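Take a look at the sequence and the fold below. We will walk through a helix contact, then a hairpin, then some aromatic rings.

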Amino acid sequence: MVEHDSLALDTVFHALGDATRRAMLGELAAGERSVGDLAAPFAMSLAAASKHIKVLEGAGLIRRDVRGRTHICSLDPAPLMSADQWLGIYRRFWTDRLDTLEALLRAPNSGTPPVKPPLPGKEGE
């Protein structure tokens, strides 16, 4: 993975590491929200909500438009797709491992274990 991609993923996972920010993203998945709307479910000031929003903006997860005096936020799912692609490597790893375990448990006692799939990043070695 390229260093730039690694830094972007670090920023996305840092932003997702906070429950408040994840809840804000969940709200934005349903549509645009103002900063006030995003802050409302939490016991926080607009300034505190704005700090969370700046972290999400820095990760590229949301966009903020200023309409008059109101700041409107919307979800940008592209960085989430990148994170999902990265997690997909490990999803495949565990799916392969669980499929192998299932085959082993279902197989009659043949005495020969099933072939192990390669580890992530070790293909072709």
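**Helices, a hairpin and rings**

In this predicted model, Thr20, Arg21, Met24 and Leu25 of H2 meet Ala49, His52, Ile53, Val55 and Leu56 of H4. Sorted by class, this contact has six nonpolar, two polar and one charged residues. How is such a packing described? Two packed helices are described by the angle between their axes and the distance between the axes. Here the axes of H2 (residues 19-29) and H4 (residues 46-58) come within 10 Å. They cross at roughly 75 degrees. Angles from 65 to 115 degrees count as roughly perpendicular, so H2 is roughly perpendicular to H4.

Now turn to the strands. S2 (residues 62-67) and S3 (residues 70-75) run antiparallel, joined by six bridges. Valine 66 has histidine 71 in S3 as its bridge partner. The two strands form a hairpin with two residues between them. In the turn, glycine 68 has a positive phi of about 70 degrees.

Next come the rings. How many aromatic pairs does the structure hold? There are three. Tryptophan 86 and tyrosine 90 form a tilted pair, 5.1 Å centre to centre with 55 degrees between the planes. They are four residues apart in helix H5 (residues 78-106), so about one helical turn separates them. Tryptophan 86 is partly exposed at 29% relative accessible area. Tyrosine 90 is partly exposed too, at 37%.

Phenylalanine 93 and tryptophan 94 have ring centres 5.0 Å apart. Their planes stand at 80 degrees, so this pair is edge-to-face. Phenylalanine 93 is buried at 17% relative accessibility, whereas tryptophan 94 is exposed at 53%. Finally, ring pairs link Phe13, Trp86 and Tyr90 into a cluster.

Definitions and conventions
Residues are numbered from 1 along each chain as its sequence is written. This is a predicted model: local features need pLDDT of at least 70, side-chain atom pairs count only at pLDDT 80 or more; totals for chains, interfaces and linings use all residues. Side-chain values use heavy atoms; hydrogens and water are left out. Two strands pair if DSSP finds at least two bridges between them. Axes are lines fitted to C-alpha atoms, for helices over the stretch in contact, and angles run from 0 to 180 degrees between N-to-C directions. Angles under 35 degrees count as roughly parallel, over 145 as roughly antiparallel, 65 to 115 as roughly perpendicular and the rest as oblique. Contact means heavy atoms within 4.5 Å. Ala, Val, Leu, Ile, Met, Phe, Trp, Tyr, Cys and Pro count as nonpolar, Asp, Glu, Lys and Arg as charged, and the others, Gly among them, as polar. Rings of Phe, Tyr and Trp (its six-membered ring) pair if their centres lie within 6.5 Å; planes under 30 degrees apart count as stacked, over 60 as edge-to-face and the rest as tilted. Buried means under 20% relative accessible area, exposed over 50%, partly exposed in between (1.4 Å probe, protein chains only).
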